Amino acid sequence: MTGRTAIYNARLLDPASGRDEKGGILIENGLIADLGIGITKASPADLRIDAHGKALAPGLIDLRVKTGEPGAENKETLETASEAAAAGGVTTFVVMPDTDPVIDSVALVDFIKRRADGVAKVKVHPAAGLTIGLDGQKMSEIGLIKEAGAVFFSNGDRPVEDAGVLRRAMQYASSFDVLVASRPDTPALSKNTVMTAGAFAARLGLRGAPPEAEWIALERDLMLAETTGARLLADCISTGRSLKAIERARKAGVKVACSVAAYSLFFNELDVGDYLTYCKVQPPFRAEADRLALIDGLKRGVVDAVVSAHDPQPPEDKRLPIAEAAYGAVGLETLLPALLSLAARDELPLLAALKAVTSGPADLLGLPQGRLKKGAPADLVLFDATAPWACDRDDLSSRSKNSPFDGRKLEGKVLRTWVNGATVFERG
Amino acid sequence: MAADAYAFPHRHLLGIEGLNRLDIETLLNLGDRYVDLNRQRVKHAGTLSGQTLVNLFFENSTRTQGSFEIAGRRLGADVVTMPIATSSVKKGETLVDTAMTLNAMRPDLLVIRHPSSGAVKLLSRKVDCAVINAGDGTHEHPTQALLDALTIRRRVGDIGGMRIAICGDILHSRVARSNVACLNVLGAEVRLIAPRTLTPSGAEDWGAKLFTDMREGLKGCDVVMMLRLQQERMDGAYLPSAREFFHFYGLDEEKLSHAKPTAFVMHPGPMNRGVEIESSIADHKTRSLITEQVEMGVAVRMAVLETLAKNAPEIGAKNR
């Protein structure tokens, strides 16, 4: 990166400030040096890029990505995940601790950071295991690991079942002002299930996960957050009732944020259709009423973050009878298009959609990026907000291709992505 | 002397709670005098001559048990330490039956340590003699608080207005509970420093300020009291590991530098060097009061034994 880059003739979209106007951005030393209507073709710069009126927004921040590194590099590596991220306009992502070995120590947090520095095209932050080996029994070295650079603590997809353990871990975490993420789930109710419980699951003859599995765990987590004073991220909630519980807790002063998987905004239970294993995810696709309630929550600013819930699984784990197939769907490359499609279909205002993938998660983690502002890192995405395309899993950059969007029509395409002012993706 | 004129109004010493400032100062003043006696070659006082002191320790202890034994002997009492490990308690006798049996032997003073909170109080209801709590579960350890107060008073000065931090495993510490009560009565500003897992819920109502950040908590402190951290607390339930605890809550030179430059360091022992306290601080010639605490322990226990012996109802009635 030498000199100054001017991107002009763009539609600037900044959810943090509510900006939606024509203009440009001047990049210098990897930072946004200036922005607005004053940045034109005539602006002094070493490199000038004509945006042709397309949308220019902060690069996306994704709070939930799994890779297979370390331990299952056949699924995905930090490198391949970062390529998928760049292609999806995601410039920062958080890797979950569910790896082998689990990211539950200073050494592994350090490993992820160094490895990402070496191979990843985008910014990668590790989340660390709340308990050692995600065993739900012994808390990890939360204080030391936070100092080593973990952005939050989570038990990943293995919820802590013992309320005593979770309570003490949250108490301890609150001593260090640590964010604790918990995907609310009650394994006793959701174990070995394939999709959401209901008439459709019954018709397909599939074992269903009742939404109570989420509600019971969420209510417990909210109570513990209230009594311990810990900061909680209710990770990947999937029902309207969960949103209500969160709003109620917030009114009572509980420090709780929540995230929703992009697929929960886009699909409902019927999309599982003809036993599609790519649609077997945790939490499962829910009822249409839940999908609409989550979109409404996003509009009203109740949902802090939308995540890709990127979870690569190779064919040998997916090309199986649905009851035997692994959970999980890749999502880094479809996160932005899914949101843009909802905006293009007038289900969601564009800025509200973008907020949950930019300044929303940035504020949650205290990151400087995720906004168009002088002095902020020049992590940017240029996209066509309405270009129609059909998703083909073979076109995905991810090492694994298990996308529920495969074969579906989407609107909105990423054209170019910058991290610290350097181009990391450009559509050919 | 004023201290002698005040009639200590309690039959037992079960805790600091319930004692007023005059009660505590009476014991400390008498303890002060015994420090002088203990520093002489001949350390005998005949005050408890002919009386029987029974040490009943249901939990292992070296220093407290030894300290009470020495205190009793220096006052001329007959001291008997019951070997609990081999006694009928191990054979299934109930606590109350043990108390009744002992009571029938007519001791005058009974010093009890028990792993269950409230057990000493239960025993005190079943016996006729004076009972001294030498530590019950995670409830109280009053003679520790008194010896700490005496140590501070002698070495640092008037406790009123002093800022004193108690750091570490507050949750499981009877020493912390007794010390908070004692130092509050004597007018100190007490601070508790611990991660939230080791802070009892409701501690904010103890009359002490709570801190999770040790450096912040130590600011301006005159005295830093460290607590012992039990090994079994470091297995991931309350704390992730010993090294993490030491990193954030172990007393080292750097953290101590946030207290007053003249701040003194105390520890009730036994210490885990390198876990809650760095050796160079524990052994510091001018700032560590740790061995002095042990010395004060004998003196203050002599004061407690003598004061309670005087108060025993039957003996008092016969003598006067």
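## Exercises on a predicted two-chain model

Across the interface of chain A and chain B, 11 residue pairs are in polar contact, both partners having pLDDT 80 or more. The model is a predicted one, and the exercises below start from this interface.

**Exercise 1. Describe the interface of chain A and chain B: how many residues does each chain give, which elements of chain A take part, and which side chains meet in a salt bridge?**

Step 1. Begin with the elements on the side of chain A that touches chain B: those giving two or more residues are α3 (142-148) and α4 (163-175) of chain A. The largest share comes from α4(A), which gives 5 residues.

Step 2. Sort that side of chain A by class, and you find 5 nonpolar, 7 polar and 4 charged residues.

Step 3. Count the residues in contact, which gives 16 residues from chain A and 16 residues from chain B. The area buried between the two chains is about 1,500 Å², and carbon and sulfur atoms give 53% of it. On the side of chain A, E141(A), R168(A) and Y172(A) supply 35% of the area buried against chain B, more than any other three residues.

Step 4. Look for salt bridges across the interface of chain A and chain B, where the rule finds 1. The side chains of E141(A) and R243(B) meet in a salt bridge, with an N to O distance of 2.4 Å.

**Exercise 2. Chain A is divided into domain 1 and domain 2; how many residues of each are in contact, and what is the area buried between them?**

Step 1. Count the contacts: 42 residues of domain 1 of chain A are in contact with 51 residues of domain 2 of chain A. The area buried between these domains is about 3,600 Å², of which carbon and sulfur atoms give 64%. In domain 1 of chain A, the residues that lose the most area to domain 2 are P15(A), R399(A) and N402(A), together 19% of what that side buries.

Step 2. Turn to the polar and charged links. There are 3 salt bridges between domain 1 and domain 2 of chain A, and the rule finds 18 residue pairs in polar contact across this interface, both residues at pLDDT 80 or more.

Step 3. Name the elements of domain 1 that give two or more residues to the side touching domain 2: they are β1 (4-14), β2 (19-28), β17 (380-390), β18 (409-419) and β19 (422-426) of chain A. The most comes from β18(A), with 9 residues, and by class this side of domain 1 divides into 18 nonpolar, 9 polar and 15 charged residues.

**Exercise 3. Is N402(A) buried or exposed, and which residues does its side chain reach?**

Step 1. Locate N402(A) in the loop between β17 and β18 of chain A.

Step 2. Because the relative accessibility of N402(A) is 1%, this residue counts as buried, the cut-off being under 20%.

Step 3. Follow the side chain of N402(A), which reaches the backbone nitrogen of Q313(A) at 3.0 Å. Leaving out residues up to four places away in sequence, N402(A) touches several others, among them Y278(A), D311(A) and K318(A).

**Exercise 4. Compare two salt bridges, D110(A) with R114(A) and R39(B) with E295(B): where do the partners lie along the chain?**

Step 1. For D110(A) and R114(A), the closest N and O atoms are 2.7 Å apart. Both residues lie in helix α2 (residues 106-119) of chain A, 4 residues apart, which is about one turn of the helix.

Step 2. Check accessibility: D110(A) is partly exposed, with a relative accessible area of 30%, whereas R114(A) is exposed at 58%.

Step 3. The side chains of R39(B) and E295(B) meet in a salt bridge of 2.6 Å, N to O. R39(B) lies in the loop between α2 (21-38) and β1 (52-57) of chain B, and E295(B) lies in helix α12 (residues 290-311) of chain B, so this pair ties together parts that are 256 residues apart in sequence. E295(B) counts as partly exposed, at 29% relative accessibility.

Technical notes
Residues are numbered from 1 along each chain as its sequence is written. Chains are lettered from A and ligands numbered from 1 in the order in which they are written. This is a predicted model: local features need pLDDT of at least 70, side-chain atom pairs count only at pLDDT 80 or more; totals for chains, interfaces and linings use all residues. Side-chain values use heavy atoms; hydrogens and water are left out. Contact means heavy atoms within 4.5 Å. Buried area is the accessible area (1.4 Å probe) that two parts lose on being put together, summed over both. A salt bridge is a side-chain nitrogen of Lys or Arg within 4 Å of a carboxyl oxygen of Asp or Glu. A polar contact is a pair of N or O atoms within 3.5 Å; within protein, one must be able to donate a hydrogen and the other to accept it, and residues adjacent in sequence count only if both atoms are side-chain atoms. Ala, Val, Leu, Ile, Met, Phe, Trp, Tyr, Cys and Pro count as nonpolar, Asp, Glu, Lys and Arg as charged, and the others, Gly among them, as polar. Buried means under 20% relative accessible area, exposed over 50%, partly exposed in between (1.4 Å probe, protein chains only).
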